[in-house]
Amino acid sequence: MARRADPALHARRREQIVAGAAHAFAEKGYDGATVKDICRASGLGSGTIFHYFADKRAILHGMLEIDRDQTIADLRAIEDDDALAAFWRVIDRVTEDLRDPFAGPLAVALLGQLLVDPVVGQLLGAIDTVAHTLLSDLIARLQAEGRADPGWAPAHAATWMQSISDSLYLRCGDDGFDADAELDRLRIVLARALALSDTGT
């Protein structure tokens, strides 16, 4: 009788491989990293890696798929009883990786792949779409409650909020980048841009 695969072990192995790949891609870039580098970073042999992924490109896609699924699940789980609190939870979730030391170089590696691999854009775009919808809806609610500038179309405002937040990923690899300080400044900038208020008018 064929042995049944253990779904939990399968998921853990995939996560172990993509975690190693993220380390390798951040360290050497996508083109510079080899499967041998991924083996070293993940602590697994090439046979195990190729059992789960066909090639390095598939590993990259798997890494982004896992991140997409987890991020979207987290975003959709945000309680929105208070629109302002929910707005900040969305911003916090899409910027939490800024504290990861690999975030900067990994962002650079992914930017290069956006030009040659449309799947990368699709996977990253899926997160942006969900976040944008949530932010648009929350901004519209805040405007209706008199807690945000009513002169901005919610979808346009959400696009600006995402653009400002995403730009930090291009700087987070810079020497001296302080994620906590920058995130504090981000809150100030977004609050002023939207004229956010804790109470309605």
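I looked up the crossing of H4 and H5 and noted it as right-handed, the near helix being turned clockwise from the far one by less than a right angle. The model is predicted, with local features needing pLDDT of at least 70 and side-chain atom pairs pLDDT 80 or more, while totals for chains, interfaces and linings use all residues. Residues are numbered from 1 along each chain as its sequence is written, and side-chain values use heavy atoms, without hydrogens and water.

For the pair itself, I found helix H4 (residues 56-76) packed with H5 at an angle of about 165°, their axes 10 Å apart. That makes H4 roughly antiparallel to H5, a label for angles over 145 degrees. In contact (heavy atoms within 4.5 Å) I listed Gln70, Thr71, Asp74 and Leu75 of H4 with Val90, Arg93 and Val94 of H5. By class I noted three nonpolar, two polar and two charged residues there.

I then turned to H9. Helix H5 (residues 83-95) packs with H9 at about 140°, the axes lying 12 Å apart. On the H5 side the contact includes Phe87 and Trp88, and on the H9 side Leu183 and Leu186 are among the residues.

Lastly I checked Glu182, which is found in helix H9 (residues 179-194). Glu182 counts as buried because its relative accessibility is 16%, the cut-off being under 20% with a 1.4 Å probe and protein chains only. Leaving aside residues up to four places away in sequence, I found Glu182 touching Leu168, Arg171 and Phe177.

Definitions and conventions:
Helix = DSSP H or I, 4+ residues; strand = E, 2+ residues; numbered from the N terminus. Buried < 20%, exposed > 50% of the residue type's maximum accessible area, 1.4 Å probe, protein only. Axes fitted to C-alpha atoms, helices over the stretch in contact; angles between N-to-C directions. Parallel < 35°, antiparallel > 145°, perpendicular 65-115°, else oblique. Nonpolar A, V, L, I, M, F, W, Y, C, P; charged D, E, K, R; others polar.
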